[in-house]
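Work through the exercises below with the model open. Each task is followed by a stepwise solution.

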Amino acid sequence: MSRYTPPEQSKAGQIFDIAVVVVAIFVALWLPLKLGLAGAAKSIDALDAKTWEALGQNPTMASIWEKLGYTPETAHDIIQNRFHYIIDWPTLIIMAAVLIGYFVFLFRASDREYRDVINEKFDDK
Amino acid sequence: MTAVESTTQGERVSLLRVLGPAHVWALGVGIVLVGEFTGWNFSADKGGALAALIVCWVVGLLYTSVAMIDSEVTSTVAAAGGQYAQAKHIVGPLMAFNVALFLVFAYTMLEVSDAILLGDTIVAKAGVEGLTHNPFIAATIVTLAWLNYRGVLMTLNVNFVITAIAYVSIVILFFSVSPWTQGAVLKLNELVTPGNALPYGWIGVIAAFQFGIWYYLGIEGTTQAAEEVRSPARSLPYGTMAGMITLLIAAAMTWYVCASLMPWEYLGITYYPLWDAGKLTGSPLLENLLFVATLLAALASANGCINDAARAWFSLGRDRYLPSWFSAVHPKYRTPYRSILFLLPIALAFAFIADLNQAITFSILSGVLQYTFMSINIMMFRKKWPLGTIRRGYTHPFHPIPAIVLFCLCVVTFFAIFLGYGSQLIAMVAFYFLISLWFHFYRYRYVRRGDQFTMPWPKPQGY
């Protein structure tokens with residue numbers, strides 16, 4: 001197999017590639033934050049009666065909340081802020097498809113590249 | 001001195017082989033120990049206090065598998081970049097490119113989380129109106145980047161000392177609260193009751209896997225220093241396994257003390273569970289000790305993360321997966337200084353715009369993608385080079401059980417992330433997918449093919 005000689009990349013090309021990577025990083029990490037897609041999907045189950053009993057706290061728990069500086073009113077939004085684990089099947093299927101598709105592409109494309117590497121490495125000997 | 005060299009202004013400069021097993025332990029535990037000081041407790045938020053304990057042990061099993069697999073592959077592929085170098089030799093260039101990005105994001109976002117924790121802890125302690133965490137975050141990240149710029153030996157010596165102090169503080173807290181007696185200080189029976197132990201049922205336990213990862217995330221970072229370790233085949237498995245045992249003990253002690261001192265609803269949302277535990281004992285000495293230890297753990301972790309992320313980025317430049325400008329080694333300090341400097345503003349930017357659990361989730365996502373790769377990678381490694389065909393520094397037992405366990409636990413963890421953080425997961429994977437297309441169809445043209453395979457191994461079976 002003939003040895004592959006990569007083209008020399010110009011300085012401008014290198015700077016452009018660095019810029020592409022930086023933009024991609026910021027889009028991937030910053031955009032979910034900006035669009036509100038990051039963070040926990042929780043909501044508050046509000047109670048009318050804001051007492052330690054209504055909040056499901058026994059006397060030991062209540063004494064610790066108070067030691068931490070909370071009252072039933074200020075602790076309400078912490079205690080009642082809950083996850084609601086309802087499986088959204090379309091989203092789950094999309095997530096599974098994206099993940100599986102990603103890994104299948106990774107392994108298949110990597111294998112094609114790997115064969116070139118092995119051929120060049122070992123056919124040279 | 002080493003197989004790795006980088007050419008800078010005509011002079012060949014290489015990374016220095018100066019590290020021993022204690023440094024490997026310090027690098028691994030130093031990165032991870034902050035997980036006991038913050039982050040693991042968000043698993044109580046997702047599933048309750050008992051769920052946090054269950055995932056502590058089950059995820060411990062996941063990481064034991066990671067440590068076993070990693071020790072075998074790394075003791076054989078001892079090259080800077082750790083899992084990146086493994087992927088390059090075993091799976092292929094595109095996988096290696098992705099693995100390096102997993103490493104960079106996992107460590108950079110962990111560094112961001114550490115800096116946020118440090119800043120918030122200082123602000124909470126100061127209690128001064130109008131004081132924000134931003135100056136503390138900036139000072140932390142810039143100072144540690146400078147330390148890493150100056151040299152790996154000094155960096156990891158500092159890590160060894162501050163990690164040891166932070167670890168000892170957990171042991172002191174544990175024995176100070178009479179762990180063998182309930183009712184005096186600890187009140188586990190009254191705080192974790194049959195009615196609230198699993199508030200969401202078993203689906204909450206699965207959901208808690210996401211932050212259960214935080215007990216140990218980063219232990220695999222020991223492999224990043226492979227080219228700077230004097231005896232990789234001995235030091236890397238020894239340091240990694242010792243680190244894992246250390247962390248399992250610390251995680252169990254941390255859960256027991258924290259779950260016995262505060263209600264799960266509070267435990268699940270606090271940024272500093274161990275510092276809070278120190279406060280709730282009523283001892284000013286313990287409170288101050290845990291305050292200082294929280295800062296030290298955050299510093300040690302951020303320090304190790306800068307070290308690891310920079311080496312993964314450096315490796316990408318050295319192989320021309322990214323512009324080779326990044327592959328320069330400092331002529332005096334022998335560190336990958338351009339990679340350290342490049343990642344510095346990225347860490348700063350995200351420390352200012354993300355909050356703690358968002359940054360932690362970014363880091364966890366990249367970590368779990370990497371562990372999924374590792375479970376498949378070890379299978380391919382054993383298939384392409386069966387035992388006896390190449391010299392291995394360490395051979396892990398019970399293959400393929402650890403790989404299968406690791407893969408299954410990764411699938412469960414993806415589902416756990418979906419439960420509450422699904423949109424963030426899809427956005428991150430979409431990014432990795434798009435950047436992979438960019439690499440495969442464009443960037444790879446600049447990469448030399450045969451030169452990527454540097455190990456003195458025979459041709460892999462099946463090729």
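**Exercise 1. Find what covers the buried residues of H7(B), then say how they are arranged on the helix.**

Solution. 
1. The model is predicted. In it, the cover over the buried residues of H7(B) includes H6, H8 (152-176), H14 (284-318) and H15 of chain B.
2. List the buried residues: B:Phe136, B:Ile137, B:Thr140, B:Ile141, B:Leu144, B:Ala145 and B:Asn148.
3. Look down the axis of H7(B). The buried residues fall within an arc of 155°, so they line one face of the helix.
4. Recall the general rule: an α-helix has 3.6 residues a turn, so residues three or four places apart point the same way.

**Exercise 2. Decide how far H5(B) is enclosed, and by what.**

Solution. 
1. Take residues 83-90 of chain B. Eight of the eight are buried, so H5(B) is largely enclosed by the rest of the structure.
2. Those residues are B:Gln83, B:Tyr84, B:Ala85, B:Gln86, B:Ala87, B:Lys88, B:His89 and B:Ile90.
3. Their cover includes H4 (49-76), H6, H14 and H16 of chain B.
4. After H5(B) comes B:Gly92, with a positive phi near 150°.

**Exercise 3. Describe the side of chain B that touches chain A.**

Solution. 
1. Count both sides: 65 residues of chain B are in contact with 59 residues of chain A.
2. Elements of chain B that give two or more residues include H6 (93-126), H10 (202-212), H15 (337-353) and H16 (356-384).
3. H17(B) supplies the largest share, 21 residues.
4. Sort the chain B side by class: 42 nonpolar, 14 polar and nine charged.

**Exercise 4. Classify the crossing of H4(A) and H6(B), and name the residues that meet.**

Solution. 
1. The axes of H4(A), residues 89-123, and H6(B) come within 6 Å and cross at roughly 120°.
2. That makes H4(A) oblique to H6(B).
3. From H4(A), A:Leu106, A:Ala109, A:Ser110, A:Glu113 and A:Val117 take part. They meet B:Pro93, B:Leu94, B:Met95 and B:Asn98 in H6(B).
4. By class, this contact has six nonpolar, two polar and one charged residues.

Note on methods:
Residues are numbered from 1 along each chain as its sequence is written. Chains are lettered from A and ligands numbered from 1 in the order in which they are written. This is a predicted model: local features need pLDDT of at least 70, side-chain atom pairs count only at pLDDT 80 or more; totals for chains, interfaces and linings use all residues. Two residues are in contact if their C-beta atoms, placed from the backbone, lie within 7 Å. Helices (H or I, at least four residues) and strands (E, at least two) are DSSP runs, numbered from the N terminus. Ala, Val, Leu, Ile, Met, Phe, Trp, Tyr, Cys and Pro count as nonpolar, Asp, Glu, Lys and Arg as charged, and the others, Gly among them, as polar. A residue is buried if 20 or more other C-beta atoms lie within 10 Å of its own, exposed if 12 or fewer, and partly exposed in between; C-beta atoms are placed from the backbone. The arc is that of the directions from the helix axis to the C-beta atoms. Axes are lines fitted to C-alpha atoms, for helices over the stretch in contact, and angles run from 0 to 180 degrees between N-to-C directions. Angles under 35 degrees count as roughly parallel, over 145 as roughly antiparallel, 65 to 115 as roughly perpendicular and the rest as oblique.
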